[in-house]
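Please walk through this model with the viewer open, making one selection at a time. Each stop says what to select and what is there.

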Amino acid sequence: MKRIVLTGGGTAGHVTPNIALLPRLKELGYDIHYIGSYDGIERKLIEQCHIPYYGISSGKLRRYFDWKNFSDPFKVLKGYRQARALMKKLNPDVVFSKGGFVSVPVVMAAKRRKIPAIIHESDITPGLANKLAIPNACKVCCNFPETLKYLPAEKAVLTGSPIRKELLSGNRLNGLTYCRFKSNKPVILVIGGSSGSQFINQVIHRLLPELLKSYQVIHLCGKGNLEPSLNGTAGYAQLEYANQELSDLFAASDIVISRAGANAICELLALRKPNILIPLSANASRGDQILNARSFEQQGYSIVIEEEQLNEAVLSDAIHRLFENRSQYTDAMAQSKQLGSIETIVQLIEQAAKKS
């Protein structure tokens with residue numbers, strides 16, 4: 001039996017693409033194991049999939065001053081020793097990494113034992129963790145055409161991001177029923193990211209009276225961000241987050257307003273949902289969401305509003321333009337070469353495993 005070790009963690013975006021690969025890997029007969037941090041979000045998500053999970057020490061390498069910069073290198077070294085021990089114990093045929101700092105010692109330990117490792121970079125420019133891992137990988141998958149110039153040519157492969165199959169099988173009627181919506185009025189789905197966005201939430205709340213004249217609104221607000229005064233508002237459904245029902249909510253929506261995290265927008269592409277992207281400000285990130293959003297805009301998939309320009313009038317105008325021209329965006333997404341990523345990535349895994 002072929003054996004694969006998956007790794008990645010720190011955020012849900014470093015885990016869900018790995019989860020999307022699981023059904024196909026199981027079909028091909030892989031014995032699947034996962035290496036992540038002791039108590040990161042990846043542990044809960046992977047254990048729910050009934051995959052053997054191994055926690056290792058994990059530290060973050062920061063480019064700015066922080067007192068943890070003095071202690072975290074020791075955590076990284078410990079994680080590397082633990083990863084080497086696990087590579088020896090598990091002896092996989094191949095490693096697949098979705099990134100995050102916990103993945104770096106795993107990829108390095110794989111190379112030490114001459115085990116091929118494939119890594120996946122979600123954003124346009126590689127993050128620090130993947131920059132450290134790239135020299136130890138045999139292939140580097142990416143989501144955006146622009147990323148190819150930042151990667152070694154002999155390793156780079158444009159694959160797109162693996163999307164969970166269940167997300168593609170939503171039922172519109174179930175989504176409308178879940179929200180108690182009418183079937184003859186268009187639906188906007190608003191997603192502020194896994195923890196929500198208070199700024200986007202506030203703009204939506206102020207714009208809501210106008211929106212509800214023409215649309216129904218599903219609003220994923222983030223944990224602790226529900227607005228009690230809006231409970232029971234006809235045509236408006238607010239949720240902290242969505243789990244199993246998310247596929248039905250996507251199916252019920254006509255257009256989507258979203259942050260521009262790489263995995264989130266790749267899901268919109270796979271679902272062919274016309275969208276407005278509001279990337280996280282460069283003041284609160286390394287600017288990767290802005291680059292992601294602009295790439296989708298240039299490819300004709302999205303309308304982009306940067307956070308500094310966001311207000312009710314700008315958002316209202318963008319919503320109406322997007323809805324009126326939604327078929328134009330859907331047609332552009334249908335031509336994308338970033339679809340079918342699961343099969344492309346699995347083929348790379350198979351090739352690496354055979355060489356191993």
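**Stop 1: Asparagine 91**

Select asparagine 91: it is partly exposed, at a relative accessible area of 48% (buried means under 20%, exposed over 50%, partly exposed in between, with a 1.4 Å probe and protein chains only). Asparagine 91 sits in the loop between helix H3 (72-90) and strand E4 (94-97); helices (H or I, at least four residues) and strands (E, at least two) are DSSP runs, numbered from the N terminus. Although asparagine 91 is not a glycine, its phi is positive, about 45°.

This is a predicted model, in which local features need pLDDT of at least 70 and side-chain atom pairs count only at pLDDT 80 or more, while totals for chains, interfaces and linings use all residues. Residues are numbered from 1 along each chain as its sequence is written, and side-chain values use heavy atoms, with hydrogens and water left out.

**Stop 2**

**Stop 3: Serine 161**

Select serine 161, in the loop between strand E7 (156-158) and helix H6 (172-179). Is serine 161 buried or exposed? With a relative accessible area of 3%, serine 161 is buried. Show its neighbours: leaving out residues up to four places away in sequence, serine 161 touches Pro17, His120, Asn143, Asn263, Cys266 and Ser341 (contact means heavy atoms within 4.5 Å). The side chains of serine 161 and asparagine 263 are joined by a polar contact of 2.8 Å.

**Stop 4: Glutamine 335**

Move to glutamine 335, in the loop between helix H12 (326-334) and helix H13 (341-355). Glutamine 335 counts as exposed, at 64% relative accessibility.

**Stop 5: The whole chain**

Zoom out to the protein chain, which has 13 helices and 13 strands. Its radius of gyration is 21 Å, close to the 21 Å that the globule rule gives for 356 residues, so the chain is as compact as a globular protein of that length. The radius is taken over C-alpha atoms, and the rule is 2.2 Å times the number of residues to the power 0.38. Along the principal axes, the C-alpha atoms fill a box of roughly 60 × 45 × 35 Å. Of the 356 residues, 53% count as buried.

Terms used:
Polar contact = N/O pair within 3.5 Å; in protein donor to acceptor, adjacent residues only side chain to side chain.
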